[in-house]
Amino acid sequence: MTDDRVFVLPRGVRMRWDGVRQTQVLLGPERALMLDDIGHAVLAEVDGEVSVQMIAHRLSHRFEAPVEVILPDVAEFLDGLQAKRLLEVRS
């Protein structure tokens with residue numbers, strides 16, 4: 001399985017540290033999504049240049065887990081954020 005899509009944060013969406021909640025949050029227009037460590041690790045790799053496949057490979061190496069296990073989870077997470085309009089596929 002390969003996934004060559006490249007995601008980017010759309011205009012008005014950004015990731016920030018929330019000092020009150022002591023966690024990373026993804027801020028979008030009129031919404032905030034608290035991120036756990038894994039969600040933050042995935043989104044930290046989203047830069048508009050790196051494919052989903054490459055993100056999965058990087059995380060596989062970082063967390064010493066099989067890429068074939070990580071890739072579907074990464075794709076599902078990013079697809080969910082795209083459905084919420086917090087991510088876009090770079091065209």
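Here are some questions and answers on the helices and the pocket. This is a predicted model, where local features need pLDDT of at least 70, side-chain atom pairs count only at pLDDT 80 or more, and totals for chains, interfaces and linings use all residues. Numbering starts from 1 along each chain as its sequence is written, and side-chain values use heavy atoms, with hydrogens and water left out.

Reader: At roughly what angle do the axes of H1 and H3 cross, and why is H1 called roughly perpendicular to H3?

Author: Helices here are DSSP runs (H or I, at least four residues), numbered from the N terminus. Axes are lines fitted to C-alpha atoms over the stretch in contact, with angles from 0 to 180 degrees between N-to-C directions. The two axes come within 11 Å. Since 65 to 115 degrees counts as roughly perpendicular, H1 gets that label against H3, with a crossing of roughly 80°.

Reader: Which residues of H3 make the contact with H1?

Author: Contact means heavy atoms within 4.5 Å. On the H1 side you'll find Gly39, Val42 and Leu43. Facing them from H3 are Val74, Phe77, Leu78 and Leu81.

Reader: Which helices give two or more residues to the lining of the largest pocket?

Author: The lining includes Ile38, Leu59, Phe63, Ile70 and Asp73. Elements that give two or more residues to that lining are helix H1 (37–44), helix H2 (52–63) and helix H3 (67–83).

Definitions and conventions. 1 Å grid on protein atoms, 1.4 Å probe; cavity = no way out; pocket = protein on both sides within 12 Å on 5 of 7 lines; lining within 4 Å. Parallel < 35°, antiparallel > 145°, perpendicular 65-115°, else oblique.
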